[in-house]
Amino acid sequence: MKITDIKATTVTVPLEAPLRHANGCHWGRFVRTIVEVETDEGITGLGEMGGGGESAEAVFRAMKAYLVGHNPANLEEMRFLIANPTASLYNNRTQILAALEFACLDILGQKWNVPVYEILGGKLQDKVPFASYLFFRYPNPKENSGEVRTVEQLVEHAKDLKGKYGFTSHKLKGGVFAPEYELECYRAVAKELDGDSFRFDPNAVFSTEQAIWFGQQIEDIKNDYLEDPVFGLNGMRRTREKVRMPLATNTVVVGFEQLAANVLDTAVDVILLDTTFWGGIRQCVKAASICETFQLGVAVHSSGELGIQLATMLHLGAVIPNLSFAADAHYHHLTDDIIEGSKFRYENGAIKVPNTPGLGVRLNREKLREYSELYKRLGSYPYDQDPLRKGWTPIIPNNRWADQKDARTPEISF
Ligand SMILES: [Mg+2]
């Protein structure tokens with residue numbers, strides 16, 4: 001079997017409300033690139049990458065020069081072809097490789113009539129548990145709904161998500177407001193949902209002293225871990241010496257070199273694997289195996305997935321024996337998806353691993369067209385900007401917090 005063509009389409013899919021984070025905001029939607037790899041046997045595989053636009057589409061088109069005529073089963077060869085660690089020093093294509101790997105695994109699964117998890121060693125669990133992903137949110141400007149800013153709104157939102165989807169682990173994305181206020185918010189959610197477990201992630205904008213202070217204030221809570229309270233392995237190591245709970249990262253250990261550094265001089269206990277950032281599902285399986293040897297915890301990171309990427313997270317979660325924590329997903333904030341059938345469904349806080357050949361998802365052409373048109377109309381958005389604070393940027397460590405009393409609604413279209 002040979003690859004004959006590679007196509008990329010940028011889409012934007014609406015969120016229930018704009019999601020605020022330490023570096024800015026998701027302005028009411030996600031932008032993703034949907035990749036289709038075609039073969040001479042008529043089988044097409046699906047991939048997905050974060051971000052998009054003309055340049056992303058052009059990069060995937062350029063990969064045709066490397067991959068047309070290539071056998072999609074030669075995945076290690078493809079890794080060196082696209083993202084050789086020395087050749088790509090000036091041209092990092094890790095995320096491009098990931099999207100192509102998803103598509104090739106999808107092709108192989110369809111060709112061999114097996115789900116991707118069977119190619120990866122077979123599934124150890126039928127469903128993957130997820131954490132609720134709680135964000136501070138601006139109101140949706142269309143209906144002026146969905147705001148999460150006050151302690152009461154956050155607690156209601158957490159209860160609502162638990163009621164709808166059955167989550168028993170809850171992650172609060174912080175780093176937006178001053179740490180004292182976010183501590184109050186986190187403690188209020190933990191108190192309301194007593195018995196569940198919790199994790200807090202301020203996206204590494206605290207100083208090390210703030211990280212230590214914050215960590216010590218929450219030691220009595222049933223924490224899964226404290227995620228990226230501070231930037232850099234050294235700050236994490238200093239925090240870890242003084243805070244009695246596991247530290248997790250999706251920021252400072254995002255490749256094998258950093259994983260090795262963290263094994264030799266440990267700064268982080270739990271590694272959040274991301275099928276895109278690490279260069280594919282297989283790279284994540286390899287990393288999980290290293291974590292197993294050194295007894296580091298493993299969780300799954302979410303970079304704002306639609307159904308194709310969510311499927312890669314499910315197949316990953318199914319095959320690794322050491323998924324020690326519920327996975328993260330932004331998925332429940334999305335209003336729609338580009339896959340056939342409806343969105344993936346949560347049952348008791350978990351999603352079933354697809355059992356059909358390949359990744360187990362197919363494109364809904366109508367939705368693809370609809371959200372590609374929406375992208376053409378709206379374009380991209382500045383992820384690292386806050387729509388209500390023009391020109392603002394956080395410093396690291398940050399002291400330019402948003403005001404929790406500011407109840408304005410941003411004027412943005414989505
Ligand atoms: Mg994180």
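A nonpolar core, as I use the term, is a set of buried Ala, Val, Leu, Ile, Met, Phe, Trp, Tyr and Cys residues joined through C-beta atoms within 7 Å. Buried means 20 or more other C-beta atoms within 10 Å of the residue's own. Keep both in mind. One more caution: this is a predicted model.

Let's start with the core. The largest one holds 125 residues. Which residues touch the most other members? They are Val35, Leu100, Phe130, Val189, Val270, Ile271 and Leu273. Helix H4 gives the most to this core, eleven residues. And where does the core lie? Domain 1 and domain 2 both give residues to it, so the core lies between them. As background, nonpolar side chains in soluble globular proteins tend to be buried together.

Now the domains. Domain 1 comes in two pieces, 3–113 and 366–378. Domain 2 runs over 118–361. Their C-alpha centres lie 23 Å apart. How many residues does the contact take from each? Domain 1 supplies 39 and domain 2 supplies 37.

Stay on the domain 1 side. Several elements each supply at least two residues there. The strands are E1, E2, E4 and E5. The helices are H3, H4 and H13. H4 gives the most, with eleven residues. By type, this side of domain 1 divides into 21 nonpolar, eleven polar and seven charged residues.

Next, the sheets. Three strands form an open antiparallel sheet, in the order E1-E4-E5. Strand E1, residues 3–14, and strand E5, residues 44–50, are the edges, and each pairs on one side only. Neighbouring strands here are turned by 25° against each other on average, ignoring direction. E4 covers residues 29–39 and pairs with E5 over seven bridges, in the antiparallel sense. In that pairing, Thr33 has Met49 of E5 as its bridge partner. What packs on this sheet? Helix H4, residues 94–112, does, touching E4 and E5. The direction of H4 makes about 155° with that of E5.

E2 and E3 pair over three bridges, in the antiparallel sense. One detail there: His21 stands opposite Gly24 in E3.

Now some backbone geometry. Most residues other than glycine have a negative phi, and most peptide bonds are trans.

Ala204 lies in the loop between strand E10, 197–201, and helix H8, 208–217. Buried or exposed? Ala204 counts as buried, because it has 24 C-beta neighbours inside 10 Å.

Then Asp228. Its phi is positive too, about 40°, and it is not a glycine. Asp228 sits in the loop between strand E11, 223–227, and helix H9, 233–242. With 27 other C-beta atoms within 10 Å, Asp228 is buried.

The one joining Ile396 and Pro397 is cis, with omega about -5°. Pro397 is found in the segment after H13.

I'll finish with Val151. This residue is in helix H6, residues 151–165. Why does Val151 count as partly exposed? It has 16 C-beta neighbours inside 10 Å, and partly exposed means between the exposed limit of 12 or fewer and the buried limit of 20 or more. What does Val151 touch, not counting residues up to four places away in sequence? Glu184, Cys185 and Ala188. Tyr186 is 35 residues away along the chain, and the C-alpha atoms of Val151 and Tyr186 are separated by 8.7 Å.

Technical notes
Residues numbered from 1 in each chain as written. Predicted model: local features only at pLDDT ≥ 70, side-chain atom pairs only at ≥ 80, totals over all residues. Pairing = 2+ DSSP bridges. Helix = DSSP H or I, 4+ residues; strand = E, 2+ residues; numbered from the N terminus. Axes fitted to C-alpha atoms, helices over the stretch in contact; angles between N-to-C directions. Contact = placed C-beta atoms within 7 Å. Domains from an automatic or database assignment. Nonpolar A, V, L, I, M, F, W, Y, C, P; charged D, E, K, R; others polar.
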